[in-house]
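Open the model in your viewer and keep the selection panel at hand. Each stop below says what to select and what is there.

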Amino acid sequence: MKEQYIVLRRGIMIILIMFALALVIAVIGMNSGKMNISPGEVLNVILGKGTDKQNLIVYEFRLPRIVLALLVGIGMGAAGCIMQTLLRNDMASPGTLGISSGSGLFVLVFVVLFAGKGISSAMALPLLSFVGGMTAAVVIFLLSVRRGRDLSPTGLILNGVALSSGYSAFTIMLTLRLDDKQMDFMMRWSAGDLWGDDWKYLSILLPWTLILCGYIFYRSKTLNLMQLGTQTATGLGVAVKPEFIGISIAAVALSSGSVALGGNFFFVGLIAPHVARRLVGPNHKLLLPTSCLSGSIIVLLADTITRTVSFGMDMPTGIIITILSTPYFLYLLSKA
């Protein structure tokens with residue numbers, strides 16, 4: 001009992017430190033960019049004493065982008081953590097399961113068919129992305145299920161990779177119908193660009209993310225039992241199939257919202273849960289918030305780098321995340 005208390009206290013301390021680190025990076029990001037403003041000027045804006053120019057920079061440019069980076073990191077980190085737990089596979093994530101590709105295809109469908117017809121993208125994009133992600137998840141499940149057998153995590157991932165390839169083929173077909181402006185948007189989206197940094201998009205993504213995260217945090221005890229295996233969880237009173245479906249839908253919804261407005265951040269959903277697991281262990285009461293914070297820190301740090309360092313071009317955030325995450329991803333492969 002004493003050992004559990006020590007582990008819990010250590011985990012809470014790590015979460016608080018990571019929260020403080022995310023806050024520090026957010027403050028640095030608020031002061032970084034092509035139009036630099038000092039921390040004192042940011043404080044004046046928060047206190048209502050800023051100039052019109054300072055208010056514009058903070059409230060219309062910097063703050064929405066920082067909030068979007070936080071929400072995308074939270075969504076992808078939580079979704080990756082849930083998928084790795086439910087499938088009991090360290091390589092599971094929205095990207096490896098093809099869910100991000102399904103969401104991306106439906107985002108492309110919106111761009112091709114509806115973007116120029118006055119339909120509100122603030123609501124339509126997250127919903128279409130969710131439909132695409134759920135479609136991919138259902139198809140993968142149907143291809144992987146075998147009567148009288150438990151789901152094979154390896155089979156799910158292999159089917160996800162195959163389905164992702166199929167979605168990529170459809171995506172290439174649809175891109176042939178894009179004009180130059182639409183093509184530029186999809187290229188940046190596929191590279192991981194925080195494009196939805198507008199309050200009208202954030203007003204949809206913020207409650208979407210908070211409600212779903214509240215639900216999965218509430219099911220953290222169930223996730224602790226399910227990671228022990230289907231038979232053990234059933235013996236301990238968990239209704240495995242309904243819980244699996246409900247939590248899986250929440251994970252798909254989280255990743256879909258992030259993908260719709262933030263682009264294809266493949267590595268965040270894969271790497272963030274591993275970082276969190278090494279820091280606080282497998283207890284989801286600590287693991288889930290740590291995964292969310294890990295994802296947020298990764299996205300915030302990469303976005304701050306893209307806005308601070310001159311690359312001679314407008315670098316998408318996802319490119320920096322890929323560069324930073326690839327060595328760790330190779331390390332995970334070597335240990336698999």
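The tour goes from a helix pair to aromatic rings and then to cysteines.

This is a predicted model: local features need pLDDT of at least 70, side-chain atom pairs count only at pLDDT 80 or more, and totals for chains, interfaces and linings use all residues. Residues are numbered from 1 along each chain as its sequence is written, and side-chain values use heavy atoms, with hydrogens and water left out.

**Stop 1: two helices**

Select residues 2–30, helix α1, and residues 284–308, helix α13. Helices (H or I, at least four residues) are DSSP runs, numbered from the N terminus. The axes of α1 and α13 are 9 Å apart, at an angle of about 20 degrees. Axes are lines fitted to C-alpha atoms, for helices over the stretch in contact, and angles run from 0 to 180 degrees between N-to-C directions. α1 and α13 are therefore roughly parallel to each other (angles under 35 degrees count as roughly parallel, over 145 as roughly antiparallel, 65 to 115 as roughly perpendicular and the rest as oblique).

**Stop 2: aromatic rings**

The structure holds 3 aromatic pairs. Rings of Phe, Tyr and Trp (its six-membered ring) pair if their centres lie within 6.5 Å; planes under 30 degrees apart count as stacked, over 60 as edge-to-face and the rest as tilted.

Select F130 and W208, an edge-to-face pair with 6.1 Å centre to centre and 80 degrees between the planes. F130 is in helix α5 (residues 121–144) and W208 in helix α8 (residues 199–218), 78 residues apart. W208 counts as buried at 18% relative accessibility, while F130, at 23%, counts as partly exposed. Buried means under 20% relative accessible area, exposed over 50%, and partly exposed in between (1.4 Å probe, protein chains only).

Next select F185 and W195, also an aromatic pair that is edge-to-face, with 5.1 Å centre to centre and 85 degrees between the planes. F185 lies in helix α7 (residues 180–191) and W195 in the loop between α7 and α8, so the pair ties together parts that are 10 residues apart in sequence.

**Stop 3: cysteines**

How many disulfides does the structure hold? The number is 0; a disulfide is a pair of cysteine sulfur atoms within 2.5 Å. Select C213 and C292: the sulfur of C292 is the closest cysteine sulfur to that of C213, at 4.5 Å, too far for a bond. Then select C81, whose closest cysteine sulfur is also in C292, at 7.9 Å, too far for a bond. C81 is buried, with a relative accessible area of 0%, and C213 is buried at 6%.
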